[in-house]
Amino acid sequence: MKPDAGRRGALRALAVAGAVALVRPPIAAAQRGPVLTRPIPSSGEAMPVVGLGSWITFNVGNDRVARDACADVMRGLFDAGGRMIDSSPMYGSSQEVIGYGLDKLGHPSRLFSAEKVWISSGARGRDQIEKSRQYWNVPRFDLVQIHNLLAWQEHLPTLAAMKVAGETRYVGITTSEGRRHREIEEIMRGQRIDFVQISYNVLDRDVEARILPLARERGIGVIVNRPFREGALIRSVARHPLPAWAAEIDCANWAQFLLKFVVSHPAVTCVIPATTSVAHVRENMGAAYGRLPDEPMRRRMAAYVEKL
């Protein structure tokens, strides 16, 4: 889908804003201490707790200005110490836009590429993954996930074989918006996977009961999507003042408040908010620095947002 004229105009404005933002020192230099990381359970590899999603935001077609804006967002992620970028064949032109950005940025070595297979034919899975790899222009993907469990029984053996052959380093499954949790649990218990991707935020906490504890028990990494409910949550809380006690966990804005709630859960490896704004990616990456809330503070955060 091509963006409408209004979106193109907004993205051009963002590109200009991004260019201004990028002349400032990288966010990592302005933060205290190192970037917060979590070990990937199956390997111990350190992963910064905030990454970048591409659903909707990177689906900008061939609009050169919009593509450059997306590349600036990617630059902001890397400058701030982030690694993970997540996409899918479902996301329109997002894969090509990521490839464009990586080419423009000289293919940063810190990239952790997280892609998905999303096709009903198990026999055609490898071909789709290869096409995605060509769009990204990377030697291989770090992680390949089965998008929303589509034909997972057929795709999972393929991904396992690719991992053995060194064609991907990790394999995983995904779901979103609280769907198919029972099946997700069954796969986590019965199959060898490295990652599960689920929706989780300060208001949508169903996964705390079973899926997150199971991930810890089984040594499975957790990637979190929809931390802002595709922006609806952050727009809602932005009408209210950030509580003064948010400074106790080094939160300067609502984005950091909401993201620190997510990444402070001990089962979570990385959260992947999506954005077209350099200013927003800088804000988001601020959640990967400073103090994280403990369990009493997490309860306080959830209760505060629930009352807004």
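E130 is partly exposed, with a relative accessible area of 31%, where partly exposed denotes values between the limits for buried (under 20% relative accessible area) and exposed (over 50%), computed with a 1.4 Å probe on protein chains only. R133 is likewise partly exposed, at 24%. The two residues form a salt bridge in which the closest N and O atoms are 2.8 Å apart; a salt bridge is defined as a side-chain nitrogen of Lys or Arg within 4 Å of a carboxyl oxygen of Asp or Glu. Both E130 and R133 lie in helix α5 (residues 125–136), three residues apart, about one turn of the helix. Helices (H or I, at least four residues) and strands (E, at least two) are DSSP runs numbered from the N terminus.

The model is predicted, with local features requiring pLDDT of at least 70 and side-chain atom pairs counted only at pLDDT 80 or more, whereas totals for chains, interfaces and linings use all residues. Residues are numbered from 1 along each chain as its sequence is written, and side-chain values use heavy atoms, leaving out hydrogens and water.

A search of the whole structure identified 19 salt bridges. One of these joins the side chains of D86 and K116, at 2.5 Å from N to O. This pair links distant parts of the chain, D86 in strand β3 (residues 84–86) and K116 in strand β4 (residues 112–117), 30 residues apart. Both D86 and K116 are buried.

A further salt bridge connects the side chains of R210 and E185 (2.8 Å, N to O). Here too distant parts of the chain are linked: R210 occupies the loop between β7 (195–199) and α8 (211–218), and E185 belongs to helix α7 (residues 181–190), 25 residues apart. E185 is buried, with a relative accessible area of 11%.
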